[in-house]
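Please follow this walk through the structure with the coordinates open beside the text.

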Amino acid sequence: MTSLFSSAEPIELAAGVFHARHYLSLDAQKALADACRALIDGDVPGYVPVVRGGGKMHVRMRCLGRHWNGQTYRYEPIRTDYDRQRVPPLPDDFRALAREIAASVGMTLDADLCILNDYDGEGRMGLHQDKDESQASIAAGLPVVSVSLGDTARFLFGGTRRRDPVEAIPLESGDAFVFGGPARLRYHGVSRILPGTAPAALGISGRFNLTFRQY
């Protein structure tokens, strides 16, 4: 998969927080969407995780490189909370995409895992921190790199405390979003998906979101 970028410059929203609107060209979006479809419905398919306490998430999830276990909130090589299948490796072109996006905002990332989430029209994600990576990774402020494909998401981005004010940011197809450094542990989530907003050429109903991290 070749990444083809638009001419849009990332906007720094706060220290360590960058939004690159329409970062991926339509051709790059189509190639990435095809790859996501093949992954989410592949031999190690996406599934709806059940988290601690018994609640079901409102997305289908598929991990690459390392699996995030919704029962233990830890990463592992085998999906022990679901079907005990081994997690496939993170493809080199995915790793390169994450590295290029991070570099575009002056950060470095050698991603070794990706969480692919598949949202339907009712999909959402509660406010949370990405804090299950290694202590060394978090202490270094290594960024989380997010790529959106398909329908627009109403993305919620807050502070480092759950009670901090939250800003709603529309993330459209082809957008990249990066938070690291002092913003690495800021709360974030998705309150809703806006159906029918995906580029028709993608053939997507709903939204794919890829988040790349370095464990």
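Is H22 buried, partly exposed or exposed? In this predicted model, H22 has a relative accessibility of 34% and therefore counts as partly exposed, since that class lies between the 20% limit for buried and the 50% limit for exposed residues. H22 is found in the loop that joins β2 (17-20) to α1 (26-40), and its phi is near 55 degrees, a positive value in a residue other than glycine.

Y73 likewise has a positive phi, near 55 degrees, without being a glycine, and it lies in the loop between β4 (67-69) and β5 (74-76). With a relative accessibility of 27%, Y73 counts as partly exposed, and R52 lies over the face of the Y73 ring, at 3.7 Å from the ring centre. A further arginine, R207, lies over the face of Y119, at 5.2 Å from the ring centre.

F155 is buried at a relative accessible area of 7%, and F177 counts as buried at 1%. F177 also forms an edge-to-face pair with F157, at 5.3 Å centre to centre and 70 degrees between the planes, which again links strand β9 with strand β11, here across 20 residues. F157 is buried too, with a relative accessible area of 3%, and F155, F157, F177 and F179 form one aromatic cluster.

Definitions and conventions:
Residues are numbered from 1 along each chain as its sequence is written. This is a predicted model: local features need pLDDT of at least 70, side-chain atom pairs count only at pLDDT 80 or more; totals for chains, interfaces and linings use all residues. Side-chain values use heavy atoms; hydrogens and water are left out. Helices (H or I, at least four residues) and strands (E, at least two) are DSSP runs, numbered from the N terminus. Buried means under 20% relative accessible area, exposed over 50%, partly exposed in between (1.4 Å probe, protein chains only). Rings of Phe, Tyr and Trp (its six-membered ring) pair if their centres lie within 6.5 Å; planes under 30 degrees apart count as stacked, over 60 as edge-to-face and the rest as tilted. A charge sits over a ring if NZ of Lys or CZ of Arg is within 6 Å of the ring centre and within 35 degrees of the ring normal.
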